[in-house]
Amino acid sequence: MIMSHAVLPRPGGAVFLTDGGLETSLIFHDGVDLPLFAAFPLLLNAYGRKQLTDYFAPFVEMALARHAGFIIDTPTWRANRDWGEKLGFDAPALAEINREAVGWAKSLRRELGDGNDKIVVNGVVGPRGDGYRPTALMDRDGAEHYHHAQIEAFHATGADMVSGMTMNYVEEACGVARAAAAFGLPCVISFTVETDGNLASGASLREAIETVDEDTEGTPIYYMINCAHPTHFATALGNGEGWMQRLGGVRANASAKSHAELDEATELDPGDPADLGRRYGEMRRQFGQISVLGGCCGTDRRHIAAICEACL
């Protein structure tokens with residue numbers, strides 16, 4: 001593995017931006033067919049890679065214009081064994097596509113970053129089951145074993161860090177963090193919550209973060225919230241509580257609808273980009289340690305631009 005010289009995001013450190021909702025943008029704005037919400041098959045040909053590059057490039061340029069860092073996510077949220085099998089990818093093919101994803105992200109960094117050490121290549125690990133429901137439940141050892149292969153591919157190709165995204169129960173989050181630690185890769189754990197601010201499993205954000213920290217001896221470099229609207233988790237953020245210092249990033253949905261409502265929707269709800277930006281500004285003023293700012297489902301360049309206006 002080639003050692004990284006990238007500056008990693010940290011709670012309370014320099015601001016890093018991310019993209020918005022990759023899959024929802026490609027499907028609803030660009031008309032791209034993504035079976036099972038999986039973007040990683042786009043890496044199989046030059047046209048698909050260009051679609052990914054064309055999507056990410058404006059976000060990177062936005063960050064550079066604002067003198068912020070940027071996190072390039074690999075499009076691998078669905079590139080694990082269960083989802084891969086449903087899409088016709090066996091274990092060797094998945095390993096290859098995960099390696100290819102890191103290679104693509106590095107090439108984008110070279111193309112747009114001009115040696116900028118605040119552009120980070122992030123290997124994305126998604127949940128084994130549905131991101132909105134805690135299905136295919138595993139214990140911590142089982143989750144570590146399950147996610148080992150994908151993280152091994154990221155390690156082999158020199159990803160700067162790994163993020164377990166849209167985690168909806170604690171045991172799987174622990175497994176992702178353990179697997180990353182086994183390879184010495186910096187890890188971020190991002191939880192998704194329901195409209196009551198708790199994980200779908202019923203655990204509170206505080207319980208989830210404290211449990212993963214206890215189980216892994218605090219190996220995640222920070223925690224995030226993604227795939228939920230700020231109105232869903234505003235009351236769950238503890239003011240002045242110790243665990244909150246571990247919350248370093250937010251990637252919110254554009255829509256204030258519940259996960260169940262979004263699951264049934266046939267049209268994209270873009271919400272109100274200006275309102276979302278204002279809510280991020282309020283979070284930054286109250287919780288200065290939240291320094292990774294981006295979007296999730298339904299968000300696009302308008303939303304990230306509004307977040308920049310409010311926070312940078």
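Predicted model: local features only at pLDDT ≥ 70, side-chain atom pairs only at ≥ 80, totals over all residues.
## Basis

Local features need pLDDT of at least 70 and side-chain atom pairs count only at pLDDT 80 or more, while totals for chains, interfaces and linings use all residues. Residues are numbered from 1 along each chain as its sequence is written, and side-chain values use heavy atoms, with hydrogens and water left out.

## Helix α6

Helices (H or I, at least four residues) and strands (E, at least two) are DSSP runs, numbered from the N terminus. Helix α6 covers residues 170-182. Just after α6, glycine 184 has a positive phi of about 70°.

## Strand β3

In β3, seven of seven residues are buried. Ile119, Val121, Gly123 and Val125 point one way, and Val120, Asn122 and Val124 point the other way. In a regular strand the side chains alternate between the two faces of the sheet.

Two strands pair if DSSP finds at least two bridges between them. β3 pairs with β2 (residues 69-73) in the parallel sense over four bridges, and aspartate 73 has asparagine 122 as its bridge partner. Four bridges also join β3 to β4, again in parallel; here serine 163 is the partner of valine 124.

## Largest pocket

The lining of the largest pocket takes its largest share, five residues, from α1.

How values were computed: Expected span 1.5 Å × (residues − 1). Buried < 20%, exposed > 50% of the residue type's maximum accessible area, 1.4 Å probe, protein only.
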